[in-house]
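Notebook open, model loaded. I want the fold order down first, then the packing.

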Amino acid sequence: MIKVLYPGSFDPITYGHMNIIEQACNLFDEVVVAIMYNSKKTSMFSVNERISLIEDLYKDNPKVKVVSDTGATIDLALKCGCNAIVRGLRTLSDFEYEIQMSQINKQLSQNKVNTISLFAESNLENVSSSMVKEILSLNKDISNYVPEIVKKAMMQKLMI
């Protein structure tokens, strides 16, 4: 069984994230979506809310599991028995950062965990959680970037 870890903040999950998850599901036996806590970012959704949204989106896909963690991504990958970490690439700067992280993670895991980079469909390559939050804050429609349940949850947050 080949398991991979797909880490991120997923605040919120976007169609770009989902495209990477779907590609990974086509390649691997199990995709562990890991919601990682980032103290440098202000979150719209709590970790539990993000878990709930992602589990709801993938309730009919037994290949997708959702976990959360506050530690190092490589430690979680090893703990979950993952063979690789999946990363979505959008820009050249993503590539430069990810190649450094992949080398460090491979060293820290004593060559047990590789990094696999996937590219989102071209119409989704510029979609980011930050961008979606910015568009919504400008009272613009985000339907092209997130599923309806995520859109509703985001709009609910703005009303609070």
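I read the elements from the N terminus as β-α-β-α-β-α-β-α-β-α-α. That gives six helices and five strands, taken as DSSP runs (helices H or I, at least four residues; strands E, at least two) numbered from the N terminus.

A note on provenance: this is a predicted model, so local features need pLDDT of at least 70, side-chain atom pairs count only at pLDDT 80 or more, and totals for chains, interfaces and linings use all residues. Residues are numbered from 1 along each chain as its sequence is written, and side-chain values use heavy atoms, with hydrogens and water left out.

Next I looked up burial. Of the 160 residues, 42% count as buried, meaning under 20% relative accessible area with a 1.4 Å probe, protein chains only.

Then I went for the cores, each a set of buried Ala, Val, Leu, Ile, Met, Phe, Trp, Tyr and Cys residues joined through side-chain atoms within 4.5 Å. The largest one holds 35 residues, and I13, I21, I54 and M154 have the most contacts inside it. Elements giving it two or more residues include β1 (3–8), α1 (15–27) and α6 (148–159). The largest share, five residues, comes from α1. A second, separate core of 11 residues includes A34, M36, I74 and V113.

I also checked M154 on its own. Leaving aside neighbours within four places in sequence, M154 is in contact (heavy atoms within 4.5 Å) with P12, M44, F45, V132, K133, L136 and I142.

Last entry, the overall extent: the C-alpha trace spans about 50 × 35 × 30 Å along its principal axes.

Technical notes:
Buried < 20%, exposed > 50% of the residue type's maximum accessible area, 1.4 Å probe, protein only.
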